[in-house]
Structures are given as C-alpha cells and as structure tokens.
Amino acid sequence: MSPVTRVVLAEDGVLLREGLVGLLDRFGFTVAAAVGDADALVAAVGEQQPDLVVTDVRMPPDFTDEGLRAAVRLRHDRPELAVVVLSQYVRPGYAAELLDSGDGQRVGYLLKDRVVDVAEFAAVLHQVVAGGTVVDPEVVRHLLRRRRDPLARLSVRERDVLALIAEGRSNASIARALVVSEAAVGKHVGSILAKLDLPPTEDTNRRVLAVLAYLGSGVGSSTD
C-alpha cells in the first residue's frame, strides 16, 4: 500500500475549494485542511505538517500574490515541503520566485485554465511530492524570454532609477527627480547592482556596467 499524502489546500473560492477537496479525495490524497486565505494556510501547515500544499496565487485580503508569498515562506521554513501553485494568469516572476525557493525541487506552477484532465493533474501532484518540478509550458516560455532580458529582475522603480543613472545623474539628482530620499535611491542602486550580478571590484565602475546593460536591452533606445 502506498503511503498517504496529506494535503493542505488554500483556495478562496468556496465552490472551487470544495471541488478540489473532492478531486483530491478521489485520487487518494488526504485533505488535512482546506482554507480560504494565506494566513490560514500558514497556520494550517504549522498545525497539520502536510506532505503537500496546493494553493492559489491570489488570496484575500488584497488578491495580489498572498498565496505565493505564503508558499515561498513555507518553503523557506521547510525546503522539503512539496508545493503546487495554481494561477489564473501567466506570472513568470511568481514562478521564478517559487522555483528559487528551497532546493528547487518538489514545486509546481500550473495555470488553472490549462488543467483539462483531472487524472493528469493528480499525476502532477504525485510527481511533485516524489521530488519533481512541474511548470506549465506557457510559463516556461515566458521565463526563457525574461532570462534573455538583463533588466527583467528589476522592479518598475528600479528601472526608473537606472534610467536616470543612464542620464548621468547623481543619487541626489535622482532623489529630487523621483521625490524620494537620497538614502532610498542608494538602496535602489544597491539592489539594481545586485540583481544585475555586478559585484564590487577595484577596476570597474558598476554604475557604468549597469548603464551598459540598460542600453543593451533596448529600453533606452528609440526607433522611428
């Protein structure tokens, strides 16, 4: 007899949550808890110590990325915990963050609308629990495109800061332009350099290298 896989399910939609509970039960999983928000998910995992977490990305109260953040947090505390995230939309940044958590194994990122076979979905869950990594092919394509763009890891504000660096502005000038403190600009610059993998060296100017990455991406160029 195969070991029982205990699952904590997080989905804010009542009908979908109950439907998933029935599906998981049908395919031999044991649902230890089914909850409707990220805080309850974290609490349930702490109480139930499941083998697998299945969670939506968008959860109350803000319906942004609460489910994903909870999943990454749980993986940080328990790298061996299997996690499958269900998303309504392609969000490559979400998938990348999940894949970077823990040891990169026992994770799945699936698009809800592309799950068309319940038996295949159950097989994916078993595969993830067994140590596999499963990412929807559409998400993989977006991830590959992001990896070709050196600026893909930067936030919108970091891109704004880098654009002003490319204009030759100092931190003080950037702070005035963005109406933020100079200390905040310094933090953004440090984050930009770290995300662009530009470590401190004695013979190179990292700000120059960052600008070259910015110009090389085509963001700073214009066409007729």
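Predicted model: local features only at pLDDT ≥ 70, side-chain atom pairs only at ≥ 80, totals over all residues.
Residues are numbered from 1 along each chain as its sequence is written. Local features need pLDDT of at least 70 and side-chain atom pairs count only at pLDDT 80 or more, while totals for linings use all residues, and side-chain values use heavy atoms, without hydrogens and water.

Q: Which residues lie nearest the centre of the second largest pocket?
A: They are Leu 110, Arg 114, Val 115, Glu 120 and Asp 136, out of 13 lining residues. A pocket is an open set of points on a 1 Å grid over the protein atoms alone, where a 1.4 Å probe fits, with protein on both sides within 12 Å along at least five of seven lines; lining residues have an atom within 4 Å of a point.

Q: What makes Arg 114 partly exposed?
A: Its relative accessible area is 42%. Buried means under 20% and exposed over 50%, with partly exposed in between (1.4 Å probe, protein chains only), so Arg 114 at 42% is partly exposed.

Q: How do you know that Arg 114 touches Asp 136?
A: Contact means heavy atoms within 4.5 Å. Leaving out residues up to four places away in sequence, Arg 114 touches Asp 136, Pro 137, Glu 138 and Arg 141.

Q: Why is the link between the side chains of Arg 114 and Asp 136 called a polar contact?
A: The link is 2.8 Å, and a polar contact is a pair of N or O atoms within 3.5 Å; within protein, one must be able to donate a hydrogen and the other to accept it, and residues adjacent in sequence count only if both atoms are side-chain atoms.
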